[in-house]
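This report examines a structure through its nonpolar core, its strands, its domains and the contact between its chains. The sequence and the structure are shown first.

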Amino acid sequence: MDQGFFGKIQNMDRRIIYTILFAVLLVPMFNPIGLPLRISDVTQSAYDTVEALPPGSLVMLTTANAPGTAAELEPQSIALIKHWIKKDFKIIMWPSAAEAPRFIDGYAELLDKSGYVEGVDYLVLPYLAGNETVFGSMASDLKGTFNMISPGDSALWDSITDVSDIDLLADCGGGESQLWAIAHIEAKHGTPTICLITAVILAVRQPYYTSGQFKGIISGLNGAAEYEVLARVPGQGASGMDAQSMGHLWVVFTILMGNIAYFATKGKKSPGGGM
Amino acid sequence: MSTNPGVWLAAFFTLAIYSFLYGDNPAYKFSEHLFVGLGAAHAAVMGWEAMVKQAWTPLTTKGELWLLGALIGGVMLLTRWFKPIAWISRIPLGFMMGVAAGLSLRSAIDSQFWRQIQSTLTIKLDSANNILYIFILFTTLTYFLFAFNDKSGFGRGIKGIGVIGQYMMMIAFGASLGSTIMARLSLVIARLSFLFKDWLGVLQ
């Protein structure tokens with residue numbers, strides 16, 4: 001039985017939709033369109049917070065980056081670290097999730113290539129199991145929490161007394177870690193905190209930005225692209241934005257066509273005899 | 001094209017996982033199971049390392065005897081595999097739950113409750129965004145707080161405000177779904193970039 005145009009759209013094979021999606025994403029990757037990028041308030045605030053710190057400031061990145069979130073969090077983290085390098089900050093990095101150490105290794109490599117010396121200009125703290133309890137412990141006694149680092153092991157570590165010495169905390173992750181960071185470290189020591197998050201959780205993290213608990217938010221691949229533009233550190237974020245925009249256009253188009261087809265065929269008998 | 005075997009392996013598994021979009025197949029199943037197995041193995045190794053670093057080493061080298069309690073608690077958790085003594089595992093579990101509840105409650109009341117209320121009450125109605133914020137907050141709260149069946153004019157009015165709140169929530173959920181799609185597209189873009197740049201080398 002002839003389904004008609006809208007009937008065919010409603011029963012379109014999903015493989016056709018996926019094939020077109022891949023094509024739509026690939027074309028701008030090979031031929032960048034250079035679509036304009038609007039800088040959001042939250043990213044601008046994150047950039048301004050970092051930019052306001054004087055050279056030599058002590059900053060800390062706590063990251064729960066994992067393979068499932070790396071597509072968004074990795075470009076953000078790299079853009080932020082490149083900005084920190086430009087500002088000549090002293091950097092402490094801590095993996096707050098079991099999957100994160102391998103990502104920190106990559107950031108350490110980036111710092112080494114930029115002339116940073118491990119233990120003097122930057123330091124990687126070991127992963128500790130315990131999630132929120134570790135954040136609580138760090139806020140109460142940073143040195144005691146990482147008591148496996150002995151005095152003399154690192155000049156940077158020796159120069160720190162507690163969390164209040166940290167001028168900026170950046171928490172990166174797609175889960176609850178940002179809430180632990182503000183609940184224990186920001187609330188107790190007033191440490192300026194920014195967060196790097198997946199786009200999915202922006203809506204539930206934004207109230208903490210409005211209340212001033214986060215000084216800025218870098219969210220999703222677009223947040224990474226915005227930060228790269230602001231900090232003038234070209235990277236994966238900006239290069240993926242054309243594809244991201246085209247992909248969205250395709251998704252919007254399929255949603256519209258699906259709805260039009262639904263309402264156009266509503267009430268008509270389906271080929272199977274049902275409604 | 002890459003000559004790194006690791007990149008080839010990653011490319012194979014990327015394609016194997018995406019092959020599910022065409023239909024379920026053995027390559028997808030194999031990759032899925034391997035991923036779960038690798039994840040479990042990685043978590044086990046990291047957990048073991050953390051135990052050695054945080055408990056065993058300080059206990060044996062620095063004589064921090066209190067850590068013995070943590071180690072014994074860890075062993076007690078494993079008793080749940082043995083039915084007759086499975087009840088023992090509830091003791092450390094209860095302890096962990098208590099610590100987690102105490103820790104998160106103390107901090108959540110300040111950072112997630114009090115400061116959020118404070119921020120909302122002190123918001124200045126000097127921009128369209130802030131006015132919209134208060135409007136959505138008011139209508140959504142009305143929907144949840146006044147969920148009674150009052151047939152008077154006042155009751156119908158309150159219910160009407162609650163219906164607006166319902167629509168506001170739907171808009172918010174729609175925005176969240178949009179963000180989810182954006183996140184998933186980012187994942188695809190990253191994999192395509194890996195395939196065409198790192199593996200095939202045809203993308204600059």
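## The largest nonpolar core

The largest nonpolar core holds 77 residues, of which A:Ile91, A:Met93, A:Ala170 and A:Ile217 touch the most other members. A nonpolar core is here a set of buried Ala, Val, Leu, Ile, Met, Phe, Trp, Tyr and Cys residues joined through C-beta atoms within 7 Å. A residue is buried if 20 or more other C-beta atoms lie within 10 Å of its own, exposed if 12 or fewer, and partly exposed in between, with C-beta atoms placed from the backbone. Helix α4 (residues 70-86) of chain A provides the largest share of this core, eight residues. At least three residues come from each of domain 1 (4-31 + 241-265) and domain 2 (41-234) of chain A. In soluble globular proteins, nonpolar side chains tend to be buried together.

Neighbours within four places in sequence aside, A:Ile217 is in contact with A:Val42, A:Ala46, A:Ile194, A:Cys195, A:Ile197, A:Leu202, A:Arg205 and A:Tyr209. Contact requires that the C-beta atoms of two residues, placed from the backbone, lie within 7 Å.

## Basis of the model

The model is predicted: local features need pLDDT of at least 70 and side-chain atom pairs count only at pLDDT 80 or more, whereas totals for chains, interfaces and linings use all residues. Residues are numbered from 1 along each chain as its sequence is written, while chains are lettered from A and ligands numbered from 1 in the order in which they are written.

## Chain A and its domains

Chain A has 12 helices and six strands; helices (H or I, at least four residues) and strands (E, at least two) are DSSP runs, numbered from the N terminus. Of its 275 residues, 44% count as buried. The C-alpha atoms of chain A fill a box of roughly 80 × 40 × 30 Å along the principal axes. Among contacts in chain A with a separation of 6 or more, 73% are between residues 24 or more positions apart.

The domain assignment divides chain A into domain 1 (4-31 + 241-265) and domain 2 (41-234), with bounds that come from an automatic or database domain assignment. The centres of the two domains, taken over C-alpha atoms, are separated by 38 Å.

Six of the six residues of β2(A) are buried, so the strand is largely enclosed by the rest of the structure. A:Lys90, A:Ile92 and A:Trp94 point one way, A:Ile91, A:Met93 and A:Pro95 the other, and all are buried. In a regular strand the side chains alternate between the two faces of the sheet.

Strand β1 (residues 58-63) of chain A runs parallel to β2(A) and is joined to it by six bridges; strands pair if DSSP finds at least two bridges between them. A:Thr62 stands opposite A:Trp94. The crossover from β1(A) through α4(A) to β2(A) is right-handed, meaning that, with the strands pointing away from the viewer, the path from the first strand over the helix to the second runs clockwise. On pairing with strand β3 (residues 122-124) of chain A, β2(A) forms three bridges in the parallel sense, and A:Ile92 stands opposite A:Leu123.

Strand β4 (residues 168-172) of chain A pairs with β5(A) in the parallel sense over four bridges, with A:Asp171 opposite A:Cys195. These two strands and helix α9 (residues 177-189) of chain A make a right-handed β-α-β unit. Parallel pairing over four bridges also links β5(A) to strand β6 (residues 216-219) of chain A, where A:Ile194 stands opposite A:Gly216.

## Contact with chain B

The contact takes 38 residues from chain B and 38 residues from chain A. On the side of chain B that touches chain A, α2 (26-61), α4 (90-121) and α6 (153-199) of chain B each supply at least two residues. The largest share, 17 residues, comes from α6(B).
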